[in-house]
Amino acid sequence: METFDPAELPELLKLYYRRLFPYAQYYRWLNYGGVIKNYFQHREFSFTLKDDIYIRYQSFNNQSDLEKEMQKMNPYKIDIGAVYSHRPNQHNTVKLGAFQAQEKELVFDIDMTDYDDVRRCCSSADICSKCWTLMTMAIHIIDRALKEDFGFKHRLWVYSGRRGVHCWVCDESVRKLSSAVRSGIVEYLSLVKGGQDVKKKVHLSEKIHPFVSKSINIIKKYFEEYALVDQDILENKESWDKILALVPETIHEKLQQNFQKYHNSLQRWEYLKKAISWQDNTKNDKCGPLLEWEIMLQYCFPRLDINVSKGINHLLKSPFSVHPKTGRISVPIDLQKVDQFDPFTVPTISSICHELDAISINDEGKEGNEAESDIKHRTRDYKKTSLAPYIKVFEQFLENLDKSRKGELLKKSDLQKDF
């Protein structure tokens, strides 16, 4: 993977927005089949320009307008907001209180910095292959629940370009949900609760909810390799003291003494499991699997930014945006290959623009109408770069959306024929 130089970003973005950005698929997504009049025109976009200049309430008539404006403004970051009652770019002309957010996809934002109290390899904006497993588990856990527990069909998972992942749930019924319902869904999906001062952030009751047990089953597949080997969560006294804070004080002394006898996290974890299964339950102390699961959940369970999900008017970074610090593209993640997804192999704007240069050299000497060749270039160019497989994932997602929409229309027309 070639290095990214932020100084080159303005020129690289010009090329990216002119030749590589998948406008047709992007418009197809946000237009949702054009069934609802003005759906796309009432959508808010925001652009962050060079030097952190932030412009909200952008909106566009059609794909062509969007293309022209993006190529003119050269945004460093693109965010997508709600569908409003009026065109966002005219919000100042609407009487006070009339401009209202009406619909938006249900979105989730999972950021690695929220795990800083439990990951030992990195902190802040840094990530590595050892902690990326947290995002892999998060996608599996949240996606399973969205699909099986809620019945949501159209879920687009996207890498943020730096240290996290986003999910866009795009079913028609979901886009109409109120803030209260969104809050209820994200509350259901949240188990880790409490700020920096709260040591024990997961509390299970004796009656385990199926969502919890299914989440534990997913975590179990990764726990040994991720927590005990890669993170080495019981490596030394400093690290195991954090875990002792999660178990009853009555067994602290025993654990402290015996942890010294073992050589690694794997052995200490096995001893911990035995110690808590021996724990006398007469003092209302939790013991056995319940306590073990609470520790596993605290160290591995997804940490959602609740405010992003519950607010209809909350903006979220757009798929195919470029991260200005890393140069990586925010690409869709193939749900069939979540375990193989590697953020460090995601194409950077530098790499795909250099791939494009190579294509252009091969194409030199071929004549033709400039405007026509530009259109041909664009439909052709990204397919010849390492962006192609990610756009294919996006196209498959759009195909499924289209099929679903056509199915609903057929159902409606069949119902009308019955009368």
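**Ground rules.** I am working with a predicted model, where local features need pLDDT of at least 70, side-chain atom pairs count only at pLDDT 80 or more, and totals for chains, interfaces and linings use all residues. Residues are numbered from 1 along each chain as its sequence is written, and side-chain values use heavy atoms, with hydrogens and water left out.

**Domains.** I looked up how the protein chain is divided. Domain 1 covers 6-109 + 153-187 + 304-416, and domain 2 covers 193-300. The bounds come from an automatic or database domain assignment. I found the C-alpha centres of the two domains 41 Å apart.

**α2 and α3.** I took helices as DSSP runs of H or I with at least four residues, and strands as runs of E with at least two, numbered from the N terminus. Helix α2 spans residues 23-31 and helix α3 residues 63-73. Their axes come within 10 Å and cross at roughly 125°. Axes are lines fitted to C-alpha atoms, for helices over the stretch in contact, and angles run from 0 to 180 degrees between N-to-C directions. The two helices are therefore oblique to each other. Angles under 35 degrees count as roughly parallel, over 145 as roughly antiparallel, 65 to 115 as roughly perpendicular and the rest as oblique. On the α2 side, I noted Y23, A24, Y26 and Y27 in the contact; on the α3 side, Q63, L66, E67, M70 and Q71. Contact means heavy atoms within 4.5 Å.

**α7 and α11.** Next I checked α7 against helix α11 (residues 289-300). Their axes come within 10 Å and cross at roughly 75°. That makes α7 roughly perpendicular to α11. From α7, the contact takes V212, I216, I219, K220, F223 and Y226; from α11, it takes W293, M296, L297, Y299 and C300. I read the classes as 10 nonpolar, no polar and one charged. Ala, Val, Leu, Ile, Met, Phe, Trp, Tyr, Cys and Pro count as nonpolar, Asp, Glu, Lys and Arg as charged, and the others, Gly among them, as polar.

**α9 and α10.** Helix α9 (residues 252-259) packs with helix α10 (residues 265-278) at about 155°, axes 11 Å apart. They are therefore roughly antiparallel. I listed K254, L255, N258 and F259 of α9 against R268, Y271, L272, A275 and W278 of α10. This contact has six nonpolar, one polar and two charged residues.

**Salt bridges.** I found 23 in the structure. Each is a side-chain nitrogen of Lys or Arg within 4 Å of a carboxyl oxygen of Asp or Glu. One of them joins D117 and K201, with the closest N and O atoms 3.3 Å apart. D117 lies in the loop between β5 (106-111) and α4 (129-149), and K201 in the loop between α6 (179-188) and α7 (210-230), so the pair ties together parts 84 residues apart in sequence.
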